[in-house]
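Open the model in your viewer and keep the selection panel at hand.

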Amino acid sequence: MKTTAEPGYRLVQLPSGVFSIRAVAERETFHPVIGPAAEAETLYVRQLALPDRIRNHDVEFQVWDVGLGAAANALTLVRATKSIACGLRVLSFDRTTEPLRFALDHAKALGYFAGYETVTRELLDRGRVNIEEGPRRLVWELHVCDFPSLVQSHSALGLNAPHAIMFDPFSPARNPEMWTLRLFENLFLLLDSSRPCALATYSRSTMLRVSLLLAGFYVGTGQASGEKEETTIATNTPDLIARPLDRRWLTRARRSTSAEPLREPLYRQAPITAETWEGLLAHPQFRAC
């Protein structure tokens with residue numbers, strides 16, 4: 001990888017030739033294999049079937065972009081839906097806007113900002129922007145906050161339940177507070193049982209999948225992305241999962257040495273406890289197998 005040094009963040013050229021961003025303190029690269037736009041398209045836009053689901057909705061479709069980062073996920077969705085006659089609201093959450101500001105300073109190299117530089121700067125300045133483009137009515141909101149504390153309120157400060165969640169924080173080792181069982185429990189409680197919602201994320205870890213299941217989600221194997229053979233998709237209805245986890249996965253999870261959920265925001269690895277195992281067996285996803 002070739003890098004251009006900057007305080008806090010670095011511009012990184014991936015082997016494919018496209019550029020991404022590396023967070024120095026966290027020692028993690030955003031979209032490190034196939035690049036920001038390609039990964040966002042594969043992992044979130046297509047996997048969550050967002051254009052089709054948005055097209056078939058009569059009411060405003062709401063997407064939560066958890067882990068805004070440098071805005072590649074949100075902007076890829078904005079670009080993919082510009083010709084759809086719909087109402088769309090994208091809520092981006094992050095604890096800081098520093099990576100986005102850095103990305104805008106390197107927008108030409110990154111590429112995925114093309115045509116949306118002004119809109120993104122307005123989002124940073126005002127916290128909300130209306131994007132008028134084609135037949136779509138789009139509102140993009142920025143929420144700079146501590147996301148675990150936000151969802152812990154269960155009312156999420158009056159926010160409507162989402163139809164889709166692009167879940168893209170740093171890894172559990174670097175950002176454990178975003179991967180706890182409590183966070184996923186609180187997030188599930190915010191969903192509307194009458195509003196189908198799907199969450200996609202890049203991780204395929206057993207610990208994550210066990211956490212999602214205990215929180216109440218149905219969980220399935222997600223599409224490959226870059227060097228990842230699998231990702232993860234979780235929903236509040238089994239109808240949105242093409243490849244649900246089955247009892248064979250459950251057996252492997254029981255043998256795993258890294259499957260017990262994080263019950264505190266401290267990263268560690270541990271096998272499933274007896275209590276967790278009983279909780280998994282009681283999940284309707286496996287009772288139906």
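Burial comes first: buried means under 20% relative accessible area, exposed over 50%, and partly exposed in between, with a 1.4 Å probe and protein chains only. This is a predicted model, where local features need pLDDT of at least 70, side-chain atom pairs count only at pLDDT 80 or more, and totals for chains, interfaces and linings use all residues. Residues are numbered from 1 along each chain as its sequence is written, and side-chain values use heavy atoms, leaving out hydrogens and water.

**Stop 1: cysteines**

Select C145. Is C145 buried or partly exposed? At 23% relative accessibility, C145 is partly exposed. Now look for disulfides (a pair of cysteine sulfur atoms within 2.5 Å). The structure has zero. For C86, the nearest cysteine sulfur is that of C197, 17 Å away. C86 is buried, at 3% relative accessible area. C145 is in no disulfide either; its nearest cysteine sulfur, on C197, is 17 Å away.

**Stop 2: the core**

Select W64, F113, W140, F147, I165 and F167. These have the most contacts inside the largest nonpolar core, which has 86 residues. Such a core is a set of buried Ala, Val, Leu, Ile, Met, Phe, Trp, Tyr and Cys residues joined through side-chain atoms within 4.5 Å. The helix α9 gives the most to this core, six residues. Helices are DSSP runs of H or I, at least four residues; strands are runs of E, at least two; both are numbered from the N terminus.

Zoom in on F147. Which residues does F147 touch? Leaving aside residues up to four places away in sequence, they are W64, V66, F93, M178, L183 and L187. Contact means heavy atoms within 4.5 Å.

**Stop 3: the largest pocket**

A pocket is an open set of points on a 1 Å grid over the protein atoms alone, where a 1.4 Å probe fits, with protein on both sides within 12 Å along at least five of seven lines; lining residues have an atom within 4 Å of a point. Select F30, D168, P169, F170 and Y202. Of the 39 lining residues, these lie nearest the centre of the largest pocket. Its volume, the space filled by probe spheres set on the points, which are joined across faces, edges and corners, is about 690 Å³.

**Stop 4: the second largest pocket**

This one holds about 270 Å³. Select R209, T221, E230, W249 and R252, the closest to its centre among 15 lining residues. Then colour α10 (247-255). α10 gives the most to this lining, four residues.
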